[in-house]
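Look over the sequence and the model, then read on.

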Protein chains: 2
Amino acid sequence: MSADKLVEGVLKGKRRSLARLISMIENEDPSADEALSTLYKHTGKAHVIGVTGPPGSGKSTIVARMTAELRRRVRTIGIVCVDPSSPFSGGALLGDRIRMQEHTLDSEVFVRSMGTRGHLGGLARATSDAVRAIDAFGKDIVIVETVGAGQSEVEVVELAHTVIVTDVPGSGDDIQAIKAGIMEIADIFVVNKSDLDGADKKVTEINAMLDIAPNMEDWRPPVLLTNANSGEGIPELVDKIEEHMKYLHESGTLETRGLKRSREELEKLMEYKLTRELLTKLQGTREYDEAIKKIAERKDDPYTVAERLIAEFLVKHRE
Amino acid sequence: MSADKLVEGVLKGKRRSLARLISMIENEDPSADEALSTLYKHTGKAHVIGVTGPPGSGKSTIVARMTAELRRRVRTIGIVCVDPSSPFSGGALLGDRIRMQEHTLDSEVFVRSMGTRGHLGGLARATSDAVRAIDAFGKDIVIVETVGAGQSEVEVVELAHTVIVTDVPGSGDDIQAIKAGIMEIADIFVVNKSDLDGADKKVTEINAMLDIAPNMEDWRPPVLLTNANSGEGIPELVDKIEEHMKYLHESGTLETRGLKRSREELEKLMEYKLTRELLTKLQGTREYDEAIKKIAERKDDPYTVAERLIAEFLVKHRE
């Protein structure tokens, strides 16, 4: 399907067009960029919520409950589940997805999973493009949920306006969250499974960390208790999300972040496109394979070869 | 200090020169590339061992014990601890490092920590360069140990010849390891804390996963039990490492992987250098800030702007 047709379909609210566009994004189809380029001016309206936290902290259930609550408040929703899959785990996470099924029958909710294909940076970029497509499609809220809570997930949720970091009572997991550097990006903390022992202690611990956190803006991340299984605490969570949205608008933070995000995105896009242009010229040529062999044999070094190939590439544009 | 002096110091076995070079690598000092370029032909001799696994699986203790055993076998050793630190965790991991202190007094063991600075890809690259510097310095073995076990850690240990994935009895963690995609890169599995309940069960589980693993080469990753605290199982682990080294040499896998690694490294270097060249030209100019502002305001889209700026950059080399 042509990019134009796809754009038309997305803007008309056709779910199949949106689904197809996201597949094209995943497959790095060049037409996807063309479509996204046209759709761009229709974006920037959706509020993007990122949800991350250690496995087992109930992220999927929280997202399902949040979705139900947001629907009650007449918001339309897109959900992107970012799932760095592996040949070992194929389908292992289906259980989580099943909980979302009640929503997949609701035409105002669009759900999509994205897996790791190829390069890590590729996943962050694909997710960002998928969120953009859903934004153009017209959803009010886009929720990006990660499966794990590593540094790669941080990169993925950084695109969100409001980042929710989930945790559960118990002391093993928090250290991990700290190590992964996800604490710093939280706008709202959720301690889920509030029925478990140590829930209040975990809230106190997170608050204690926030007390010593550097660079806190005017928004101090609240620490909420939820029990996603029963639904307890979910309306309060959604209240906080709306409060955070309001804060972003009124404080001008939204604008500052928007500029920062536009800069980062532009630079990543240029890195990607420029590198692709160079590699397309090199890959598959005999000279390139020879150059690599020489490096492997220590007859040449990669630093010098990189400089040389770049210089040659830039000069070729002179001809 | 000039790159030449530094290279001389490293090749003469001066620890201070090596330490300084690694600091320069961390700070992305351009002289580091110059030094590494000269040192490159002196590399390729060290066997690189990557150790990764969930937090709490005893990686640091295993590495300390492995080091002692390797020293007994008269090997010289470099250790790089990759530690994605965060403003919240400053110094929190010191405890782990203290266990290595017995070795820091041994002049045949060089220990170095590397933290996350800036971009994620930057850490993988810096680690790879640090390993190279230690290789040129003349250590027989370089051990790269990660603190966590996420996708970023996978990127870091992928440079190793032999990847050890650690785990502990209990069912929570393994799912996480699978999700992070670290199972696929293991050459040797270690189930540590063999004194805990469920150790044998964990070994069986990993073996069951290996039974259904696709693309297994001739080397089937062995699953070993260790108790790093008591030292039990460590000599057997080092035996397996040496067996794997031998396998890599004899099967030709070392050569194939060497070519693959050279290609990946060259491409990453070119991506980095080419992008830096472009961004150096753009950043700080008024036109560039204006372009970003227009994107943020949806008056222009990043895809088109990226193409335009790249075209302009390439054309400028014509003049």
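## Where two helices meet

A:Glu267, A:Met270, A:Glu271, A:Leu274, A:Thr275, A:Leu278 and A:Leu279 of H12(A) are in contact with B:Glu267, B:Met270, B:Glu271, B:Leu274, B:Thr275, B:Leu278 and B:Leu279 of H12(B). Eight of the residues in this contact are nonpolar, two are polar and four are charged. Note that the model is predicted.

## How the helices cross

Two packed helices are described by the angle between their axes and the distance between the axes. In chain A, helix H12 covers residues 253–282, and in chain B, helix H12 also covers residues 253–282. They pack at an angle of about 125°. Their axes lie 9 Å apart. H12(A) and H12(B) are therefore oblique to each other. Their crossing is right-handed.

## A buried strand

Now turn to a strand of chain A. Is strand S2 (residues 77–83) of chain A enclosed or open? Seven of its seven residues are buried, so S2(A) is largely enclosed by the rest of the structure.

In a regular strand the side chains alternate between the two faces of the sheet. A:Ile77, A:Ile79, A:Cys81 and A:Asp83 point one way from S2(A). A:Gly78, A:Val80 and A:Val82 point the other way. All of these residues are buried.

## The strand's partners

S2(A) runs parallel to strand S3 (residues 109–115) of chain A, and seven bridges join the two. Within this pairing, A:Ile79 has A:Val111 in S3(A) as its bridge partner.

S2(A) also pairs with strand S4 (residues 141–146) of chain A. This pairing is parallel too, over six bridges. Here A:Val80 stands opposite A:Val144 of S4(A).

Definitions and conventions
Residues numbered from 1 in each chain as written. Chains lettered and ligands numbered in written order. Predicted model: local features only at pLDDT ≥ 70, side-chain atom pairs only at ≥ 80, totals over all residues. Axes fitted to C-alpha atoms, helices over the stretch in contact; angles between N-to-C directions. Helix = DSSP H or I, 4+ residues; strand = E, 2+ residues; numbered from the N terminus. Parallel < 35°, antiparallel > 145°, perpendicular 65-115°, else oblique. Left-handed = near helix turned anticlockwise from the far one by under 90°. Contact = placed C-beta atoms within 7 Å. Nonpolar A, V, L, I, M, F, W, Y, C, P; charged D, E, K, R; others polar. Buried ≥ 20, exposed ≤ 12 C-beta atoms within 10 Å, placed from the backbone. Pairing = 2+ DSSP bridges.
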